[in-house]
Amino acid sequence: MGAGAEMSIQSTGGPSVHSSDAANFFQRAAIAVQRRIGRQRIRAFLLGSIPFVAILSIWFLNDIFVWRQTYEIPSMKAVVKSFFHLQRNCPGIIGLLTMDRACGMTNHIFDSISRMLLAAVIGLPVGIGLGVLAGMNRTISKLVEPIAIFFNSISGIAWIPLAIVWFGIGWMTTLFIILNTVVWLMFFNAMLGVRSIAKVYEQSVATMGGSRWNIITDVYLPGAMPSIMTGLRMSMGFGWRALIAAEMIGGDSGLGFMIFSAAAEFRIELVFLGVILISLIWMATDRFLFVPLERWTVERWGLVWKPS
Amino acid sequence: MSYVAKPGGASSTKRAPKPSLLSREGLHIFLARWRHSGFAYVFNILLTVVIALTIWSLISSLITNPGRYLPSPFVVALSSVDVFYKGLLPAYYGNTLTRLVLGSILGLSLGVPFGLLLGLNRTVSDMFYPIMNFFQSVSGIAIFPIIMIWWGNSEKTVFIVILYTCFFPIAFNALSGVRGVPLTYVNAALTLGASPFQVVKDVLLPGAMPNIATGTRLGIGFAWRAVIAGEMLVGREGLGWMIFTARSADLTAQIILGMVTIGVTWIILDHYLLRPFERSTIEKWGLVLR
């Protein structure tokens with residue numbers, strides 16, 4: 001793409017109508033795409049995809065030139081094949097959704113994601129509730145904060161042995177580890193968010209006859225929302241990492257368990273597949289759910305006037 | 001006034017008279033001074049610790065098999081004597097800290113220059129920004145199995161994972177810090193006749209400093225988690241290994257001891273080393289007009 005491609009195309013656009021319709025169509029399409037998406041974005045996308053393409057092509061060329069043996073770096077085909085290999089006896093979409101035992105691959109994915117969802121459903125309200133309470137009341141925060149700092153510092157991974165002793169290997173252990181990561185991070189973010197709200201707002205709501213509950217729902221929660229959303233994104237990120245580690249050591253299913261047991265059997269194509277899936281799932285969730293959510297929240301509630 | 005003047009001393013000094021605790025105002029003044037003194041802070045933490053320990057020992061005295069599930073604080077303290085006497089805890093602690101320090105120094109010394117170099121050129125930084133973001137979000141623990149297959153159950157494996165986990169956050173943050181420096185500043189320095197080296201030293205590096213500090217804290221935090229997980233998974237001697245083997249030996253007191261050690265170490269590292277470093281860096285370099 002030249003510097004003034006759009007301009008030059010437009011200036012020569014007139015006479016070329018008669019010469020060739022096909023070329024004209026492509027030129028128009030290119031201009032339309034550029035107008036719609038934006039030149040800078042196209043440039044950033046193309047530039048950014050260069051390293052990915054380079055790495056993928058080196059990986060692909062490894063099949064042909066075999067710089068590294070296939071037990072060290074598997075061929076791309078084997079990686080794709082291993083996905084379907086685990087799914088080979090799966091009885092269609094119904095079996096996939098009912099988590100039939102034959103659908104190995106999707107079961108692992110669903111297990112990991114559902115653990116994450118369950119931890120979010122349980123952990124977020126607990127963390128936010130505790131955080132709002134601690135933000136409201138100095139006495140509570142003085143008591144809970146040191147404990148929260150301590151538990152947050154024992155990273156989720158260090159809990160794994162004790163969790164195995166308490167709950168055995170399986171669902172409960174992994175859930176416990178994620179909850180441990182999620183709750184305390186949410187607590188801190190909610191608390192800091194509530195503390196950053198100006199006193200004027202709660203006082204004005206109280207003056208107009210609002211109850212304690214009204215102050216919580218109308219002042220504290222909306223005011224702390226940007227901070228809570230940042231905490232949500234952060235805690236989900238840390239939680240996902242902790243989940244993988246927990247599944248490796250104390251799980252009996254899920255993506256972490258899959259890659260760890262595959263590594264023990266030296267099935268490297270399965271390990272590669274698992275790592276790629278883990279990163280893709282997290283990146284897609286972050287990009288298409290958490291980042292827009294955070295941006296929207298900041299736009300909606302983040303620019304509240306703060307008296308200085 | 002209900003202050004009771006000090007006998008004889010009131011005329012000689014300009015200090016406020018010492019309030020008596022018996023009067024109401026005196027009590028308020030005393031409480032206010034207490035709240036703002038350092039003692040209140042320490043007292044508060046001590047109070048929380050005492051309450052937490054009490055609840056802990058209550059629970060452990062109520063459950064059926066406390067030796068297996070939740071030994072009382074006293075038993076945990078006793079087990080620490082045992083582990084100290086055998087010399088296990090100091091040795092393991094030293095191993096873990098050495099890994100963390102070496103790994104993060106290596107990560108810093110590679111990551112910061114890498115991020116700066118990539119950030120120098122707008123096109124190059126646009127090119128590498130997405131892939132650095134990608135590697136930053138792929139957790140180091142997830143690539144553990146691959147590293148284990150490539151390098152086996154060795155010290156190298158743990159080190160490579162630590163390096164991986166702290167390199168990418170640091171490099172990515174350095175890169176985005178350099179990208180965030182306004183071009184006006186670079187152009188101003190160039191107009192005044194600065195050499196490229198001076199531009200890097202006086203404009204780009206200070207401008208990226210807050211981000212580098214944040215990246216450092218993030219990276220070392222990830223590295224700490226990776227050290228613990230790595231010792232568990234690969235089986236090298238260290239704190240993570242200690243709590244992991246204690247589980248198979250059914251020594252729950254030792255697990256809890258290890259966890260407390262891990263927690264206290266990270267609190268000290270984070271609150272008294274990394275956070276003050278980050279805050280002072282941001283205060284020093286971060287208030288640049290954007």
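These legends describe close-up views of a predicted model.

**View 1. Contact of helix α8 of chain A with helix α12 of chain B.** Helix α8 (residues 160-167) of chain A packs against helix α12 (residues 252-285) of chain B at an angle of about 145°. The axes of these two helices are 9 Å apart, and the crossing of α8(A) with α12(B) is left-handed. From α8(A), the residues in the contact are A:Pro161, A:Leu162 and A:Val165. Their partners in α12(B) are B:Thr252, B:Ile255, B:Ile256 and B:Met259. By class, the contact of α8(A) with α12(B) holds six nonpolar residues, one polar and no charged.

**View 2. The largest nonpolar core.** This core has 127 residues. Those that touch the most other members are A:Ile178, A:Phe187, A:Ala190, A:Ile244, A:Ala245, B:Ala223 and B:Ile228. Helix α10 (residues 196-234) of chain B supplies the largest share of the core, 17 residues.

**View 3. Surroundings of A:Ala245.** A:Ala245 is among the residues of the largest nonpolar core that touch the most other members. Leaving aside residues up to four places away in sequence, A:Ala245 touches A:Ile157 and A:Gly256 in chain A, and B:Ile141 and B:Ala229 in chain B.

**View 4. Domains of chain A.** The domain assignment divides chain A into domain 1 (5-65) and domain 2 (94-301). Taken over C-alpha atoms, the centres of these two domains of chain A are separated by 41 Å.

**View 5. Domains of chain B.** In chain B, the assignment gives domain 1 (24-62) and domain 2 (80-285). The C-alpha centres of domain 1 and domain 2 of chain B are 35 Å apart.

Methods
Residues are numbered from 1 along each chain as its sequence is written. Chains are lettered from A and ligands numbered from 1 in the order in which they are written. This is a predicted model: local features need pLDDT of at least 70, side-chain atom pairs count only at pLDDT 80 or more; totals for chains, interfaces and linings use all residues. Axes are lines fitted to C-alpha atoms, for helices over the stretch in contact, and angles run from 0 to 180 degrees between N-to-C directions. Helices (H or I, at least four residues) and strands (E, at least two) are DSSP runs, numbered from the N terminus. A crossing is left-handed if the near helix is turned anticlockwise from the far one by less than a right angle, and right-handed if clockwise. Two residues are in contact if their C-beta atoms, placed from the backbone, lie within 7 Å. Ala, Val, Leu, Ile, Met, Phe, Trp, Tyr, Cys and Pro count as nonpolar, Asp, Glu, Lys and Arg as charged, and the others, Gly among them, as polar. A nonpolar core is a set of buried Ala, Val, Leu, Ile, Met, Phe, Trp, Tyr and Cys residues joined through C-beta atoms within 7 Å. A residue is buried if 20 or more other C-beta atoms lie within 10 Å of its own, exposed if 12 or fewer, and partly exposed in between; C-beta atoms are placed from the backbone. Domain bounds come from an automatic or database domain assignment.
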